[in-house]
Amino acid sequence: MHHVVARLDALDPEAGAAMRVIGRFDELVAGRAGLEPILAAVAGLTGSPARLIDARLRVALRADVDGRVTRARGPVEPRWPAAPLEPAGAPALWLEHLGPPSLLAGMVLDRAAFAAREVLRRTRGVSRMAPETFPDDPAAIEVLLDSGAREDDRRHAAGLLDLPDDARARAVAPADGAATIVTADKVANDGAARRWKGTGRVGFGPIVPLLDLPHSWDQARTALRFAAEGTDHDPGPSTVYAEELGAVMLLAGGLDPASPPADVRALERAARSGPGVLRTLVEFTSHASLRLAAAALYLHHSTLTDRIAAIEHDLGFPVRDPQGRLRVQTALAVRRLLLHPPNCPTPPTS
């Protein structure tokens, strides 16, 4: 790439500059950079301070020509060169420069808008989250969750979110990919689960100091894989906390989707024998007594006893003793992992 650009510079300086712009933003997109590096690149390539403002997400960032990114303050000058983030949308990316943009500046705005749109596509859903989260600055959330970001950058991101240095928080990974964080002093486990009730599958990372949030994010994404849709095909809890999984988290590594374990194959065979088999096993193995499981399934306990006996026959092993109970619980957990492969949701930048 650099060799090609050098040759273009010799033949056509404008073409060489255009290739550098394209290459720079392609690198940022490929590296899953957040909004701050993208905006810093705009200012650096054009020699003008740049702003990124999205009123829907309450994103307001400004980069100076040295690449420092802060919260944008003050009004936008309508005569500044600008570009929308969405086709036919309102201007959102601005150069603090009066007069028409050069050909190069116009290309920078265009490529930067595309790169920023890719970031916001991953984080746009945070605006639907609970008020205890921080929907006002998805770019800062990305930096806080990014294991590759410098410590200084993560501290700066925490400042943009008005989080004190000693704050503790957990990462939250909803299935729609809208990563967010929630502070430990505002929402306990039961409260957080209620906040996200009805939003689909959600994984919660452990509560950690702010600089350890990338670890919490990794754990949240793994916890999400254990979360179920709540349907007959995928029964179980839709909200899962990493710290409550314990050693079960280890199941997430090394699974081969093309060769599921024998007990998972047995589950699938049993499920084909009639409706509600998987849900019956989930409720039976997650309650302390047969009567409680029967109540959760709206069955008489004797009916549940008969149903379990039939399922045992289809599975090929007992489930009413401790060893069989553990086998079923493990098989159900592995089955969820296979239903929900890794890299879902799309991580912000980690």
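Arginine 79 counts as exposed, at 58% relative accessibility. The model is predicted. A search of the whole structure finds 15 salt bridges.

**Arginine 79 and glutamate 77**
- Arginine 79 forms a salt bridge with glutamate 77.
- Their closest N and O atoms lie 3.1 Å apart.
- Glutamate 77 counts as partly exposed, at 23% relative accessibility.
- Arginine 79, at 58%, is over the 50% cut-off and so counts as exposed.

**Arginine 111 and aspartate 26**
- A salt bridge joins the side chains of arginine 111 and aspartate 26, at 2.7 Å from N to O.
- This pair links distant parts of the chain, with the two residues 85 residues apart.
- Arginine 111 sits in helix α4 (residues 103-123).
- Aspartate 26 sits in helix α2 (residues 13-30).
- Arginine 111 is partly exposed, with a relative accessible area of 23%.
- Aspartate 26 is also partly exposed, with a relative accessible area of 37%.

**Aspartate 218 and arginine 221**
- The side chains of aspartate 218 and arginine 221 meet in a salt bridge, with an N to O distance of 2.5 Å.
- Both residues belong to helix α8 (residues 213-226).
- They are three residues apart there, so about one helical turn separates them.
- Aspartate 218 is partly exposed, with a relative accessible area of 34%.
- Arginine 221 has 14% relative accessibility, under the 20% cut-off, and therefore counts as buried.

- Arg51, Arg62 and Glu96 form one network, joined by salt bridges that share partners.

**Arginine 170**
- Strand β6 (residues 168-174) contains arginine 170.

**Background on pairing**
- Side chains of opposite charge can pair when their charged atoms come close.

Key: Residues numbered from 1 in each chain as written. Predicted model: local features only at pLDDT ≥ 70, side-chain atom pairs only at ≥ 80, totals over all residues. Heavy atoms only, no water. Salt bridge = Lys/Arg side-chain N within 4 Å of Asp/Glu carboxyl O. Helix = DSSP H or I, 4+ residues; strand = E, 2+ residues; numbered from the N terminus. Buried < 20%, exposed > 50% of the residue type's maximum accessible area, 1.4 Å probe, protein only.
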